[in-house]
Amino acid sequence: MTEQSTIKGLLLLLVKGNRWYYLWLASLVLLILTGACAYRVQFDRGLIVTNMRDQVSWGLYIANFTYLVGVAAAAVLLVIPAYLYNWKPIKEIVLLGELLAVAAIVMCITFVMIDLGRPDRFWHLLPKIGRLNWPQSMLAWDVVVLNLYLLLNLLISWYVLSNLYRGTAPNKTLFWLLICLSIPGAVAIHAVTSYLYGGLPARPFWNASIMAPRFLASAFCSGPSLIILIFQVIRKFSPLKVADEALFKLAEMVGWSMFVNLFLLGAEVFKEFYSNTWHVSHIQYLFFGLHGKTQLVPFTWTAIAFNVTSLCILIYPRTRKNLFTLNGACVMMLIGVWIEKGLGLVNPGFTPTPLGEIYEYLPNLREITISIGVLAFGLLVYTVLLAIAIPIQTGDFRARTDPP
Amino acid sequence: MKNDSAKSVELDRNDSVTRRDFLKKSLVGAGLLTLPGLLPGCTWEEFSQKHFSELAPAELEQVLRRLKDQYRRCYGREFQLSATGPLPETAFAYALDLSKCIGCRRCVYACAEENNLSRSDPQIHWIKVLRFPNGSMNPEDAERYYAPDKVPEEGYYYMPVQCQQCANPPCVKACPVQATWKEPDGMVVVDYNWCIGCRYCMAACPYDARHFNWAAPTLPINEINTHTHYLGNRPQEKNVVGKCTFCIQRVREGRYPACVEACPVGARKFGNLLDQDSEIRYILEHKRVFRFKEELNTQPNFYYYFS
């Protein structure tokens with residue numbers, strides 16, 4: 001098959017689909033456009049149109065960014081059993097996990113871009129061309145590792161897919177090199193994102209060495225739970241088979257991650273409340289409210305309840321292996337970890353401020369609309385990637401070998 | 001606009017073209033194609049402006065001219081805009097006498113006027129005065145929005161907080177693009193035309209001393225201070241960070257910061273640490289001074305003392 005017909009074939013893959021596929025695409029595009037319109041107003045008038053202020057200078061956008069970094073790292077939980085242990089049920093679906101990582105990083109980068117006051121100056125971040133403050137600034141590190149991880153996942157998926165497409169065997173050394181880089185890569189995007197917060201002595205709530213392990217533990221909860229849910233949708237709407245066994249194995253790992261996550265939370269809660277220094281106020285604000293300001297409290301306890309319940313469901317084999325309870329646990333975990341790593345991390349870090357002020361931040365409708373637009377954009381990216389990857393993986397889209 | 005870009009290309013031609021310049025030009029060129037639709041009012045010159053420290057004298061001249069034109073168009077006033085560099089043999093420091101401060105907040109408003117800070121929506125103040133109950137130094141016990149009929153009030157003391165011009169500034173470390181840095185005379189400054197508005201420096205500052213311009217500043221035309229400095233009090237840009245610079249536009253001309261002049265009780269002292277005979281040296285040598293949040297090792301050039 002010539003290059004040209006491959007491209008034509010790929011384009012055909014994208015437009016091929018039933019009514020539901022088109023409806024799905026159309027609704028995503030609609031959400032993206034709505035978000036873009038809301039963003040346009042923010043761009044013209046400034047970030048004043050959000051609910052962020054000097055006291056709480058990061059909000060929903062950075063919360064979503066932090067959460068999605070976790071989702072992106074989840075692919076590694078598939079990569080390890082699939083490639084290192086050569087476990088077949090997961091090996092069949094690992095690619096979809098890597099593509100999800102790609103979509104998640106794209107969302108992360110978009111969230112950072114819309115949070116920037118001057119996105120037109122993004123080129124200042126480019127090494128050599130601008131003035132990337134590396135290795136001093138943790139944000140500079142984050143820019144570097146996120147982009148490398150994105151590149152790595154794109155490379156791996158592209159390499160696997162093009163080999164499947166041509167029916168050739170991948171070069172083992174190269175492939176292993178990529179895989180061996182992607183595992184520390186997933187850890188790195190987490191560690192660095194947590195250092196972004198943990199490196200700030202001005203914010204005692206964040207300035208804790210437990211941040212990096214907690215980020216990893218919660219990432220291995222939220223990402224794979226999303227994968228468990230999405231893969232059931234995929235096997236329903238596409239010819240691709242996803243074995244129950246693979247889902248249950250993932251669920252088991254998620255369960256243990258949540259156990260570790262809750263243990264680390266406990267360690268942190270103990271340290272803050274038992275030592276009871278001035279710094280306790282942030283965690284007090286998170287769990288019980290401070291000086292009558294209790295906006296976050298219902299969120300926090302919802303997250304705790306959801307996380308504990310899903311832990312129970314996933315640890316107990318019978319409920320783990322029941323798709324109904326399993327899905328319930330996954331949904332709860334998604335919400336629970338979103339609160340924990342999103343508003344529950346960003347807000348209390350800023351509240352009270354270093355000068356003792358309490359400004360209660362909750363995102364406004366515009367911030368929510370823009371965020372939904374970004375999420376829709378990520379889903380669109382994932383859909384497009386799947387529309388290409390699934391037919392290649394099922395063998396429906398292959399390079400035609402000309403008869404000799 | 002066509003003419004402007006032609007001019008800038010010509011100016012640059014005198015310098016040797018480095019790889020970096022080439023990359024920058026191509027990137028900027030690519031950006032230019034997409035930008036005009038996206039950014040109303042943003043010009044090629046503004047978009048492609050180099051970091052302050054990389055501007056050749058002729059380029060700096062051009063930047064200052066461009067900004068003055070912009071302010072004239074925007075406010076109908078003629079601005080003086082300097083970029084005076086650090087003075088030799090100078091290390092500025094500040095001292096504040098807590099036993100004298102009466103919490104009147106005249107410094108706050110003098111600062112807002114001197115530095116062309118947005119007056120409302122949002123109202124931006126680079127100085128905050130905290131009211132502490134006697135016996136406490138925990139910021140959580142402090143009140144910023146106190147409104148008594150008369151100051152000082154019984155049972156309280158007042159502690160104004162502004163940028164501490166740290167010798168070990170966390171904000172400088174945090175900035176991903178080196179848009180903020182420490183000048184040799186001790187001032188932490190921001191290149192408002194290089195800041196990308198990520199607000200990481202704000203998260204890093206333990207003194208709440210960095211402020212984001214959430215919108216274009218609201219400035220009554222007749223209250224504008226047209227005596228400005230590139231790194232100081234020129235009208236702030238929307239969506240970038242600004243901060244106290246000890247009034248760089250004044251102190252580099254040998255004057256006092258506006259807050260020092262405004263203080264009715266003489267609680268604020270300012271001077272050159274390297275000058276043996278300065279008042280600030282006298283205070284450091286003879287008073288019991290302390291630095292705010294010393295445990296964070298930010299090493300402020302801002303000293304508090306009780307006389």
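Leu23(A) belongs to helix α2 of chain A; helices here are DSSP runs of H or I with at least four residues, strands are runs of E with at least two, and both are numbered from the N terminus. The relative accessible area of Leu23(A) is 52%, so the residue is exposed. The classes are buried (under 20% relative accessible area), exposed (over 50%) and partly exposed (in between), with a 1.4 Å probe and protein chains only. This is a predicted model, in which local features need pLDDT of at least 70 and side-chain atom pairs count only at pLDDT 80 or more, while totals for chains, interfaces and linings use all residues. Residues are numbered from 1 along each chain as its sequence is written, chains are lettered from A and ligands numbered from 1 in the order in which they are written, and side-chain values use heavy atoms, with hydrogens and water left out.

Together with Trp20(A), Val233(A) and Phe237(A), Leu23(A) makes a nonpolar surface patch of about 480 Å². Patches take residues with over 30% relative accessible area and no salt bridge; nonpolar side chains (Val, Leu, Ile, Met, Phe, Trp, Tyr) are joined within 5 Å, and like charges within 9 Å. The areas come from the Shrake-Rupley method with a 1.4 Å probe, and for residues only the protein chains shown count as cover. Helices α2 (19-45) and α9 of chain A each contribute at least two residues to the patch. Phe237(A) is in helix α9 (residues 211-237) and counts as exposed because its relative accessibility is 60%.

Chain A has a mean pLDDT of 93, and 98% of its residues reach 70 or more; pLDDT is the predictor's confidence in each residue, from 0 to 100. Within chain A, the lowest confidence is in helix α1 (residues 3-15), with a mean of 79, and the highest is in helix α12 (residues 297-315), at 97.

Helix α4 (residues 75-84) of chain A is mostly covered, with eight of its ten residues buried. Among them are Leu77(A), Leu78(A), Pro81(A) and Tyr83(A). After α4(A) comes Asn86(A), which has a positive phi, near 55 degrees.

## Salt bridges

Over all chains, 27 salt bridges are found, a salt bridge being a side-chain nitrogen of Lys or Arg within 4 Å of a carboxyl oxygen of Asp or Glu. One of them joins Arg121(A) to Glu237(B), with the closest N and O atoms 3.2 Å apart. This pair crosses between chains: Arg121(A) is in the loop between α6 (94-115) and α7 (138-166) of chain A, and Glu237(B) is in the loop between β8 (227-229) and β9 (241-243) of chain B. Both residues are buried. Arg121(A) and Glu237(B) also take part in a network of salt bridges with Arg118(A), Asp120(A) and Glu46(B).

Within chain A, Arg214(A) and Glu340(A) form a salt bridge, their closest N and O atoms being 3.1 Å apart. Arg214(A) lies in helix α9 and Glu340(A) in helix α14 (residues 323-341), so the bridge ties together parts that are 126 residues apart in sequence. Arg214(A) is buried because its relative accessibility is 9%, and Glu340(A) is buried because its relative accessible area is 12%. Glu357(A) and Arg144(B) form a salt bridge with the closest N and O atoms 2.6 Å apart. That pair crosses between chains, from the loop between α15 (343-350) and α16 (365-394) of chain A to the loop between β3 (128-133) and β4 (156-161) of chain B. Glu357(A) and Arg144(B) are both buried.

## Aromatic contacts

There are 39 aromatic pairs over all chains. Rings of Phe, Tyr and Trp (its six-membered ring) pair if their centres lie within 6.5 Å; planes under 30 degrees apart are stacked, over 60 edge-to-face, and the rest tilted. The rings of Tyr207(B) and Phe292(B) have centres 5.5 Å apart and planes at 45 degrees, so they are tilted. Both residues are buried, and both belong to an aromatic cluster that includes Phe246(B) and Tyr304(B).

The charged end of Arg19(A) sits over the ring of Trp20(A), 5.8 Å from its centre. The rule asks for NZ of Lys or CZ of Arg within 6 Å of the ring centre and within 35 degrees of the ring normal. Arg105(B) lies over the face of Tyr146(B), 3.8 Å from the ring centre.
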